[in-house]
Amino acid sequence: MLCVFGEKIFPQRKKKSGFWWNMNVRIGFGQDSHRFLPKGSTKPLILAGVEIPNFPGFDANSDGDVIFHAVTNAISSLTGKPVLGLMADELFKKGIVDSQVYLEHALKDLPPGQIKHLSLSLELKEPKVLPYFESFKQNLSRILGIKKNCVGITAHSGEDLTAFGKGVGAQAHAILTWEDEKEEKHQ
Ligand SMILES: [Zn+2]
């Protein structure tokens, strides 16, 4: 049943390789959340490497970029090598608070292959992030080495049901699609 299902979805792969199951696509999943600092804090709010003006930053050792952290965790879920936590703490001790550095560390752990797509879901009440989506996509596509239209982002307040929706902090979920190089070798 599963094979029939696969052939229906990937008929071109069956034609090219003879075996649709040669495709080695994996899905990484990551989450992160941080609390906002009190209003009036001078720490800047950073999301996907973009500074959002006139809003307090995250209560975190690093810049607390929940988007980069969620993507880093999604990559770690593929590689099995955690970056946030011990490694990020070591980098913080060296004065590195830019979460892009953590994300780049995680990327180095990926075996040869290609990231195909990133889906991001943000939950927060404020600030309104829709005007920054293009900048988020620009940064993420550049760092991940994919096209901008391969980054999808949604944001919502969840009808204020959670602490994120009530404005206490922000949460990000990331789903990363990745394909290894074996597919090319098998053809
Ligand atoms: Zn974090």
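In this predicted model, L118 stands opposite V151 in strand 5, where strands, like helices, are DSSP runs numbered from the N terminus (E, at least two residues, for strands; H or I, at least four residues, for helices). Strand 4 and strand 5 pair in the parallel sense over six bridges, and two strands are said to pair if DSSP finds at least two bridges between them. From strand 4 the chain crosses through helix 6 to strand 5, and this β-α-β crossover is right-handed; the term applies if, with the strands pointing away from the viewer, the path from the first strand over the helix to the second runs clockwise.

Residues are numbered from 1 along each chain as its sequence is written. Because the model is predicted, local features need pLDDT of at least 70 and side-chain atom pairs count only at pLDDT 80 or more, while totals for chains, interfaces and linings use all residues.

Strands of a sheet pair through backbone hydrogen bonds, either parallel or antiparallel. Here an open sheet of four strands has the order 1-6-4-5, and its pairing is mixed. Strand 1 (25-35) and strand 5 stand at the edges, each with a single partner strand, so one side of each is left without a neighbour in the sheet. From one strand to the next, the twist averages 15°. Strand 4 and strand 6 run antiparallel and are joined by 10 bridges, and H117 stands opposite T177 in strand 6.

Helices lie against this sheet. Helix 3 lies across strand 1, strand 4 and strand 6, and runs at about 145° to strand 1, the angle being taken between N-to-C directions on a scale from 0 to 180 degrees, with axes that are lines fitted to C-alpha atoms, for helices over the stretch in contact. Helix 6 packs on the sheet too, touching strand 4 and strand 5, and its direction makes about 140° with that of strand 5; two residues are in contact if their C-beta atoms, placed from the backbone, lie within 7 Å.

Which residues of helix 5 are buried? In helix 5 (residues 99-108) they are S99, Y102, L103 and A106, where a residue is buried if 20 or more other C-beta atoms lie within 10 Å of its own, exposed if 12 or fewer, and partly exposed in between, with C-beta atoms placed from the backbone. Seen down the axis of helix 5, these buried residues fall within an arc of 100°, so they line one face of the helix; the arc is that of the directions from the helix axis to the C-beta atoms. An α-helix has 3.6 residues a turn, so residues three or four places apart point the same way. What covers the buried residues of helix 5 includes helix 3 (66-79), helix 4 (86-93) and helix 6.

The loops hold some local details. Most residues other than glycine have a negative phi, and most peptide bonds are trans. A48, in the loop between strand 2 (44-47) and strand 3 (50-56), has a positive phi of about 50° although it is not a glycine, and A48 is buried, with 29 other C-beta atoms within 10 Å. E159, in the loop between strand 5 (151-156) and strand 6 (169-180), has a positive phi near 55°, but E159 counts as exposed, with 7 C-beta neighbours inside 10 Å. Finally, the peptide bond from E126 to P127 is cis, with omega near -10°, and P127 is found in the loop between strand 4 (113-123) and helix 6 (133-144).
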